[in-house]
Amino acid sequence: MHRTPGPYAAWVSWLSAFGRGEDLPSGHLPPIDAELGPQMTERLARHVADAFHDRLRRWQEAFSREQQLLLARPERAVTVLAVVLADARKRLGPLVAFTVHPGLPDELRTSVADALRETISSAQRSLEDSVRDAPAPLRNAVRQNSLEPALTRTAAPSPTGPARGRRVILD
């Protein structure tokens, strides 16, 4: 007999995939709230933290690997840097979406958002420090391709979201 997973199992399964770098739909996940009970809510909070840190670590490792491209192609550093930073911002999308997931309790959502913001701000400061004495085009590329704007973007609507229609813009 096949049983439909309960809310806890659904979250654990989704969080495990998220931590591994998979971007699965999350619209089916119920809110993590008092209805689940205090022990289950606490365990889920630990799963949330673990998945978030695993995914963030994956982002950091990929970003570090891509930065090595700069060393391999110093003559094209400005172009390579712009591509590396654009890719890094794109990979932040799922993490940013996670920080605003409506199923997370407010306190947990704030905690992961703050951790992401601090990590990205630190990475940006580190980049700026590393090019402080570099030629102006490289310094400008770091500033113009900042990682921080990725934090203000929200994820695209899920496929299960509202149907798209025509937008009417009134002046």
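The exercises that follow treat a helix pair, a nonpolar core and several salt bridges.

This is a predicted model, in which local features need pLDDT of at least 70 and side-chain atom pairs count only at pLDDT 80 or more, while totals for chains, interfaces and linings use all residues. Residues are numbered from 1 along each chain as its sequence is written, and side-chain values use heavy atoms, with hydrogens and water left out.

**Exercise 1.** Determine how the axes of helix H3 and helix H5 are arranged, and which residues meet.

*Solution.* Begin with the elements themselves: helices are DSSP runs (H or I, at least four residues), numbered from the N terminus. The axes, which are lines fitted to C-alpha atoms over the stretch in contact, with angles running from 0 to 180 degrees between N-to-C directions, come within 9 Å for H3 (residues 77–99) and H5 (residues 136–144), and cross at roughly 10°. Angles under 35 degrees count as roughly parallel, and H3 and H5 are therefore roughly parallel to each other. Next, list the contacts (heavy atoms within 4.5 Å): Ala77, Val78, Leu81 and Leu85 in H3 meet Pro137, Leu138, Ala141 and Val142 in H5. By class, the contact of H3 with H5 comprises eight nonpolar residues, with no polar and no charged ones.

**Exercise 2.** Find which residues touch the most other members of the largest nonpolar core.

*Solution.* A nonpolar core is a set of buried Ala, Val, Leu, Ile, Met, Phe, Trp, Tyr and Cys residues joined through side-chain atoms within 4.5 Å, where buried means under 20% relative accessible area, exposed over 50% and partly exposed in between (1.4 Å probe, protein chains only). The largest such core has 40 residues, and Trp59 and Leu147 touch the most other members. H3 gives the most to this core, with ten residues. Leaving aside neighbours within four places in sequence, the contacts of Leu147 include Trp59, Phe63, Leu85 and Ile120.

**Exercise 3.** Locate the salt bridge of Arg46 and say whether Arg46 is exposed or partly exposed.

*Solution.* A salt bridge places a side-chain nitrogen of Lys or Arg within 4 Å of a carboxyl oxygen of Asp or Glu, and a search of the whole structure finds ten. Arg46 pairs with Glu42, the closest N and O atoms being 3.3 Å apart. Being four residues apart in helix H2, Arg46 and Glu42 are separated by about one helical turn. Arg46 is partly exposed at 48% relative accessibility, whereas Glu42 counts as exposed at 51%.

How values were computed: Helices (H or I, at least four residues) and strands (E, at least two) are DSSP runs, numbered from the N terminus. Angles under 35 degrees count as roughly parallel, over 145 as roughly antiparallel, 65 to 115 as roughly perpendicular and the rest as oblique. Ala, Val, Leu, Ile, Met, Phe, Trp, Tyr, Cys and Pro count as nonpolar, Asp, Glu, Lys and Arg as charged, and the others, Gly among them, as polar.
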